[in-house]
Amino acid sequence: MKIDTPSAHVAERPLRRLALLALLFVLAACVPPAPSLIVTPTAAATATATPAPAGEPAQPPAEPDDPAVYTAALRPEAADEAALAGLTRYRLDVTVAPDLSRFGGSADIRYTNRAGAALDEIYVHLYPNLWAPVMQPGRVEVDGQPVTPRWQRGDFVLGIPLLAPLAPGAAADLHVLFDVVVPEEGVGNYDELAFKDGVLALTHFYPTVAVYDAARGGWQLDRPALQGDVIYHDVSLYDVRLTTADDVRAAATGVELARETSPDGAAVWRFGGGPMRDFTATLSREYEAAAETVDGVTYTSYFLPGDEINGKAAPGIAAAAVELFEAEFGPYPYRELDIAATGTTAGGIEYPGLIVIARDLYARPAGDAGFEMVIVHETAHQWWYGVVGNDQVNDPWLDEALAQYSTYLYFAARYGKQAGEAFLATLDRRWERVERVEKPIGLPVSAYSESEYSGIVYGRGPLFFVALRERLGAERMAELLRRYYAANTWGIAHPAEFEALAEEVAGAPLDDLFDAWVYPP
Ligand SMILES: [Zn+2]
């Protein structure tokens with residue numbers, strides 16, 4: 001989820017900037033400064049890098065129900081395979097105040113009942129209220145009729161009553177007006193939704209339909225802990241209109257379909273994309289950008305003045321990670337991957353087709369392994385969290401520990417065995433900081449203290465995957481992850497399914513391994 005600074009064990013805590021920087025440098029000293037860790041572009045990236053077509057829309061604006069609005073974000077081969085039918089469709093129309101201090105607008109959500117039983121209500125999360133009561137819903141309608149929603153879980157969940165039971169396969173249209181005052185600096189989880197360092201991070205900022213899982217009690221409404229990632233979403237389709245001041249630059253999930261200037265001089269952006277597990281944008285008047293296109297994917301880095309060295313290195317790192325993870329796990333589906341600096345107190349946070357990196361990390365020297373680790377970890381989340389979803393509140397190990405294991409594969413493949421072992425040593429040190437307690441890695445976020453969440457899920461967690469590889473052998477481990485990725489593309493995976501597949505690939509029971517590492521006794 002949000003919390004990842006592989007080299008900076010502590011960056012997952014909401015530390016003040018100076019403390020964070022100091023700790024990051026301490027941690028960087030733990031990474032062997034071997035020449036093998038110096039960043040150099042890969043041969044493939046060098047050979048095929050071309051400048052991004054600046055300002056050119058991916059597709060011309062299309063009619064609202066044109067599937068091209070959604071598939072525009074997909075690489076052609078992924079667009080062929082993506083099943084869009086039945087996915088929740090969001091049309092967001094949001095206006096951001098010129099000073100970036102508040103925003104508001106409407107969410108039109110077409111929800112198709114895939115629950116297998118009739119539904120009387122649909123639940124939406126109002127994530128901004130997790131941090132502070134900053135989000136106020138206005139008028140709520142169902143199929144054009146005003147309704148009175150019910151608050152659940154404080155002001156974090158809204159239950160929207162339907163006019164009549166919604167049969168399986170039938171769809172309802174929700175219309176929700178909302179207004180958000182952007183939280184002040186320092187509020188809540190990692191300052192994820194905030195205006196800091198001149199950047200407005202618009203994250204989990206709109207009413208979001210909860211996951212319905214009949215096998216696990218229906219609507220999944222657990223309130224997230226004050227650490228870790230907060231969201232648990234189905235992949236959905238997005239058609240987003242964003243109105244901002246004309247001098248603002250935006251990084252966003254999906255692709256930019258159009259950018260026009262309104263009669264009063266505002267910029268009106270249209271973004272489309274899907275299947276995606278969320279829609280996120282970061283806005284700043286100060287952003288500079290650098291882009292390169294490798295193998296049909298455009299990597300654009302949005303960074304702040306003074307951060308040019310690492311800002312310009314970011315696309316090459318992300319491209320190298322995507323190249324490796326495609327070879328290891330399967331294809332990256334989107335045409336773009338943006339890397340954007342924000343004021344988050346986590347090292348980085350993952351979103352579909354967009355990763356944000358803590359602005360502080362850009363101050364590190366050229367070729368810094370810690371900066372590289374964060375980009376690689378967040379890029380790995382495109383596979384684990386993005387395409388293959390999981391319950392990030394209750395099963396954080398499925399994406400976090402796998403993202404860490406993937407980062408290990410990256411360092412070993414790109415810089416050699418010694419660099420891989422150096423990364424494994426950082427995992428071991430994370431675990432060491434909680435005295436190598438053999439706490440299961442498979443618990444909900446709320447079951448861990450702050451230090452345990454880092455030490456167990458990010459430290460012991462990836463070491464479980466290393467142990468699993470020792471049991472299976474490298475070849476079958478690679479087969480397991482490829483099959484896991486293919487079988488759960490655009491879906492939500494659960495630990496039992498991962499274990500069952502691992503046992504199938506192993507051709508033998510693995511209870512002893514899962515009991516020793518993953519599950520509580
Ligand atoms: Zn992570």
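The model described here is predicted. The space in this second largest pocket comes to about 310 Å³. Its lining consists of 20 residues, and those closest to its centre are Arg114, Val211, Tyr212, Asp234 and Ile492. Two elements, strand 2 (102-112) and strand 12 (212-213), each give two or more residues to this lining. By class, the lining of the second largest pocket is made up of 11 nonpolar, six charged and three polar residues.

The largest cavity holds about 70 Å³ of space. Both domain 1 (9-45 + 292-517) and domain 2 (68-284) supply at least three residues to the lining of the largest cavity. Which residues line the largest cavity? They are His125, Tyr127, Phe156, Gln220, Leu221, Asp222, Pro224, Val230, Tyr232, Asp391, Val393 and Asn394. Seven residues of this lining are nonpolar, three are polar and two are charged.

A helix pair can be followed next. Helix 7 spans residues 396-415 and helix 9 spans residues 450-472; the two pack with their axes 8 Å apart, at an angle of about 65 degrees. The crossing of helix 7 with helix 9 is right-handed. On the side of helix 7, the contact is formed by Pro396, Trp397, Glu400, Ala401, Leu402, Gln404, Tyr405, Tyr408 and Leu409. These meet Tyr453, Val457, Tyr458, Gly461, Pro462, Phe464, Phe465, Val466 and Arg469 of helix 9. Sorted by class, the residues in this contact are 14 nonpolar, two polar and two charged.

Two points of backbone geometry remain. Most peptide bonds are trans, and most residues other than glycine have a negative phi. Against that background, the bond joining Gly274 and Pro275 is a cis peptide bond, with omega at about -10 degrees. Pro275 belongs to strand 17, which covers residues 267-276. Where does Asp197 lie? Asp197 is found in the loop between strand 9 (194-196) and strand 10 (199-202). Although Asp197 is not a glycine, its phi is positive, at about 55 degrees.

How values were computed
Residues are numbered from 1 along each chain as its sequence is written. This is a predicted model: local features need pLDDT of at least 70, side-chain atom pairs count only at pLDDT 80 or more; totals for chains, interfaces and linings use all residues. Side-chain values use heavy atoms; hydrogens and water are left out. On a 1 Å grid over the protein atoms alone, a cavity is a set of points where a 1.4 Å probe fits but cannot get out, and a pocket is an open set with protein on both sides within 12 Å along at least five of seven lines; lining residues have an atom within 4 Å of a point. Grid points are joined across faces, edges and corners, and a volume is the space filled by probe spheres set on the points. Ala, Val, Leu, Ile, Met, Phe, Trp, Tyr, Cys and Pro count as nonpolar, Asp, Glu, Lys and Arg as charged, and the others, Gly among them, as polar. Domain bounds come from an automatic or database domain assignment. Axes are lines fitted to C-alpha atoms, for helices over the stretch in contact, and angles run from 0 to 180 degrees between N-to-C directions. Helices (H or I, at least four residues) and strands (E, at least two) are DSSP runs, numbered from the N terminus. A crossing is left-handed if the near helix is turned anticlockwise from the far one by less than a right angle, and right-handed if clockwise. Contact means heavy atoms within 4.5 Å.
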